[in-house]
Structure formats: C-alpha cells, structure tokens
Amino acid sequence: VAAAIIMAGTAAFADTIPATDRQSYSIYVDSLGGMRRSDNNAEVSYYGTNYTVPFAHAYRALGYLDKDRKEAIRRDVSHMKRLGFNGFRLHLWDAELADSLGNLLDNDHLDLLDYLIAELERNGIDIVITAQTNFGNGYPEKNIDRGIIAMEINNEPCHSGNVDETRRYIDRMASALRGAGFDKPVLYNVSHNPKVTEAYYQADIDGTTYQWYPVGLVAGHERKGNFLPTVDSYPVPWSDSIPGFDSKARLVYEFDPGDLLYSYMYPAIARTFRKEGFQWITQ
C-alpha cells in the first residue's frame, strides 16, 4: 500500500454514527500504535470489506450486464450497513483516474468514486483509501492500456533499493501528502519485500498494513475440511526484532479464507487479528 487515509471514525464494529456527528473528530495514532478518536481518546475498531465498482473489472462487469452502476452501489452499500460493517477499503486505479502525466481526469470513474464515498458516509461506514496501485486494471481479464506506465511503488510494493533508499522514498511520499494539507494517518504496506522491512518502521508513517490468505488463494476448486487450526494465530515474524513495531498502528487491507464456501472462518479470523492488536480488517 503506497499511502492510505482514514476518514472520520467509529467506535465499535456494528455501530454507525449520524452523518451530522461524523466530522466532529478525527482518528489519530497514539505512542503505542493504537488508533483513537480525537474527541474522547476512545479506541476504535473496524470490520468491513473491499469493493471496487468504480474501477477495473467490477466496473466493466456491470457494463456487460447493462446495469446502473450507481444503483448497484446504493444496493451494495445498503447491504454492507445491514451486515454491520463499519469499515471499507478501496485502492484507486490511477490508470483510470489520470492521464499519462498524472493529471486527474474528470471522468465516470471519478464520478462513481465520489458517489461511492458519499453513500458510505451517508451510511456511517468509514474508509481507508489506498492512493496508488502498481498493476493494471484488467484482472481477471487482460489489462486495458490507459497510457500509464507504473513507475512508483504502491499496493504490495516491489522495492529494488536498499533499506535506506526505501525509507527515504516513503518519507518523500509522506512529506508530499502532508505538505499538500493531508492531516490524517499515513500508512504503508509491510507484508511484502522482507529484505527492506526495517525501512517501513524507520519511515515517518503512522501505521502499517497487512494481508492474510490463511488457506491459500485460487486453488481452482472448493477446499473442504476443518481449517480453524490454521487461523489460531497470526504471528508477525519481526514483531520482537525490529524497533518501532509497537509504535505503528496495524491494519489489514485484505484477507480471505480463499476457496472455502463456508463462513465459519470469519469470526475466528477476526478474533485472531484482534488478539494481535489489529484495529482495521477488511475482507
């Protein structure tokens, strides 16, 4: 994750807050890496999902079916609220939002993004937005060329430099965000590139993001059996060895017990993440 933002905040998994109250406080990260409300210092916790209708395959698929995308967003966000979700995560496809020079485009993708954020806000669901991706807009189809060449790291970054170079790059990104007036927590993905993991915790960021596919992903068939033992713990290998680990907030940007058609894993996964100090988990 290149950079992410937390917008507004809620106090419990199933609670929603009236829209008139939702901008009265922000979220900050304390010295022990906990995310808290600015008005009463209460700890926050989130449970939710990823959702990508404004972009890429989800956008195209609704077009194949000749469906109204805004109506789909309204229905889907309503279901999210009904399920008790209070967290939502989306990474932006800059390939569909910008021209070859990086200038923001006023197009249907941007309009749907604005509409989605407004619907989430109206339903009391808080948001983490990842600013960039380093892959195309095709999966599971072929990429569609938008005139963009990926030159910068983003979601699940692939670093070629050393620890110091990586740290300086992250610091430049964080400085650019804050210099533009962004005053919410800045996050970075730490579940990739183990050779530079130290850089993530040396960098001037507020939190770190992780993912988990405890039984694998895309097996090509339904997996059966009792997989509960596989989610009894979520050990972070460097939690006791890299300085700064405890001072950063911990969020899960995506997880899934892939290829299972049952729901019994989700409560166990949520319990394990909470035990390990995660405050944001989105499927």
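Start by colouring by confidence, since this is a predicted model. Of the elements in the protein chain, helix H2 (residues 69-82) has the highest mean pLDDT, 96, while strand E1 (residues 4-7) has the lowest, 39. Now select residues 1-20: pLDDT is below 50 here, and the model gives this stretch 89 contacts beyond near neighbours in sequence. Do likewise with residues 148-154, where pLDDT stays under 50 and there are 21 contacts beyond four places in sequence. As a whole, the protein chain averages a pLDDT of 83, with 84% of the residues scoring at least 70.

Next, switch to cartoon and look at the whole chain. You'll find seven helices and 10 strands. Of the 283 residues, 48% are buried. Take the contacts with a separation of 6 or more: 73% of them join residues 24 or more positions apart.

Back to H2, this time together with helix H4 (residues 108-122). How far apart are the axes of H2 and H4? They sit 10 Å apart, and the two helices pack at an angle of about 30°. That is under the 35-degree limit, so H2 and H4 count as roughly parallel to each other. Their crossing is right-handed. Show side chains at the contact: on the H2 side, pick residues including Ile-73, Val-77 and Met-80, and on the H4 side, residues including Leu-112, Tyr-115, Leu-116 and Leu-120.

Most residues other than glycine have a negative phi. Select Asp-66, in the loop between helix H1 (56-64) and H2. Its phi is positive, about 55°, although Asp-66 is not a glycine. Is Asp-66 buried or exposed? Exposed, with a relative accessible area of 70%. Then jump to the loop between strand E8 (207-212) and strand E9 (249-255), where Val-218 is found. Val-218 has a positive phi too, near 60°, and it is exposed, with a relative accessible area of 58%.

Notes
Residues are numbered from 1 along each chain as its sequence is written. This is a predicted model: local features need pLDDT of at least 70, side-chain atom pairs count only at pLDDT 80 or more; totals for chains, interfaces and linings use all residues. Side-chain values use heavy atoms; hydrogens and water are left out. pLDDT is the predictor's confidence in each residue, from 0 to 100. Helices (H or I, at least four residues) and strands (E, at least two) are DSSP runs, numbered from the N terminus. Contact means heavy atoms within 4.5 Å. Axes are lines fitted to C-alpha atoms, for helices over the stretch in contact, and angles run from 0 to 180 degrees between N-to-C directions. Angles under 35 degrees count as roughly parallel, over 145 as roughly antiparallel, 65 to 115 as roughly perpendicular and the rest as oblique. A crossing is left-handed if the near helix is turned anticlockwise from the far one by less than a right angle, and right-handed if clockwise. Buried means under 20% relative accessible area, exposed over 50%, partly exposed in between (1.4 Å probe, protein chains only).
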